[in-house]
Amino acid sequence: MIKLLQKYGFYPRSAVWELTLRCNLNCRHCGSRAGKPRADEMSLDEALRLCRELADLKCRFLTLGGGEPLLRRDWPIIAQALIERGVRVGMVTNGLAWDDDVARTAKVVGLESVAFSLDGFEQDHDYLRRHKGLYQKVLSSIASALRAGIHTSVVTTITRANMASLEAFREMLAQHGVERWQVQLGTPTGNMRDHWDLVIQPEDVLTLVPLIAKMCRDNRRPKVYPGHDVGYFGEYEEDMRDPNSPIPFWIGCPAGCSVIGIESNGNIKGCLSLPSSQEKVDAFVEGNIRGSSLRDVWFRPGAFAYNRQFTPDRLSGFCRTCDYAEVCRGGCTWINFAHTGAGRDNPYCYWRQRKLAEARGRGEDVPHEQATPPTHLPILS
């Protein structure tokens, strides 16, 4: 599969840009440990140059994120610079700083969509975000965006606290006019490494994946979009993928192949979720736009080797023996790193957990896998 992607060409078709690491919350599951801005965040001139370079590399869609992107006051200028060059732009926000004035600005600038982070019903969301009253504020922000005529989505991180209420939560979102709903697993990097009680167990995917697959295809609102850490293969695989895609199944982590992550100081990664300085890990930073052009960083020989130069022998454990190994490449790189580091052996794979369950059903001595923090965070090769 990687050879096919090489033939198709590696281009940053979609991007996520951390406008600032500054945040007005301190969430228990924050992968980037956001709060204070980076000391060396890009100036507006540097950001506008990056906008031009992203457009030149044919970036099609870019998500403004953070931290909290609304805390960077010049976000409308950056968004407009991208939109004027043909890049579709959306935003992910925690909703705390959103109001009708922001909504009007977003509409005038031309944001294609805004996604609000909402992680379950009131008690669960406010606990996870450490902010009493935030749940109601986000619902108010959703209403504000809809009044302004902006396509509105919700992003939900699945934890042990909210996994049992996903269907009811979706019904609530529909009642509030939400059009799209992205669900992703709570991955133990950043602050979430300090809260293992919130991390779901690997066997939970045997319940979650069929549920998510069913919601993806039931033609109800909001439309459900699984994150890249949800899957893989088995009887539900096609239901979770884009029905309009010519390849309706998982074809491996897109980080550094068709996806790019940009940190607020100009660091370039294959995916913004991958760890860097906040986790004292530098292996995923491929370069910085202050030292060279984005094109040079993206096309540097040897860049993004963990995906672009993948071979099955980089996998270990179950993943290495799997029939889908060459296509899947171990699933999401971020979740691999968080749970097994250099092992690249994904315990949250549906196919893996189904096969292990079948083996136990036959009476074979197969242990139940448990979510336990690695003793260290080695580098994925």
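This report describes a helix, the nonpolar core and the cysteines of a predicted model.

## Helix α2

Helix α2 covers residues 44-56, a run of 13 residues. From its first C-alpha to its last it reaches 18 Å, close to the 18 Å expected at 1.5 Å a residue. Directly after α2, Lys58 adopts a positive phi of about 65 degrees.

The buried residues of this helix are Glu46, Ala47, Leu50, Cys51, Glu53, Leu54 and Ala55. An α-helix has 3.6 residues a turn, so residues three or four places apart point the same way. The cover over the buried residues of α2 includes the strands β1 (14-20), β2 (61-66) and β8 (259-262), together with the helices α3 (75-84) and α9 (294-298).

## Nonpolar core

The largest nonpolar core comprises 104 residues, and Trp17, Trp75 and Trp98 have the most contacts inside it. Helix α8 (residues 205-216) supplies the largest share of this core, with 8 residues. In soluble globular proteins, nonpolar side chains tend to be buried together.

Leaving aside residues up to four places away in sequence, Trp75 touches Leu19, Leu64, Pro69, Leu70, Met91, Val102, Thr105, Ala106 and Leu111.

## Cysteines

The disulfide count is 0. For Cys30, the nearest cysteine sulfur belongs to Cys27 and is 6.3 Å away, whereas a disulfide requires sulfur atoms within 2.5 Å. Cys30 has a relative accessible area of 16% and is therefore buried, the cut-off being under 20%.

Cys349 is likewise in no disulfide, and the nearest cysteine sulfur, that of Cys328, is 5.9 Å away. With a relative accessible area of 10%, Cys349 is buried.

Methods:
Residues numbered from 1 in each chain as written. Predicted model: local features only at pLDDT ≥ 70, side-chain atom pairs only at ≥ 80, totals over all residues. Heavy atoms only, no water. Helix = DSSP H or I, 4+ residues; strand = E, 2+ residues; numbered from the N terminus. Expected span 1.5 Å × (residues − 1). Buried < 20%, exposed > 50% of the residue type's maximum accessible area, 1.4 Å probe, protein only. Contact = heavy atoms within 4.5 Å. Core = buried A, V, L, I, M, F, W, Y, C linked by side-chain atoms within 4.5 Å.
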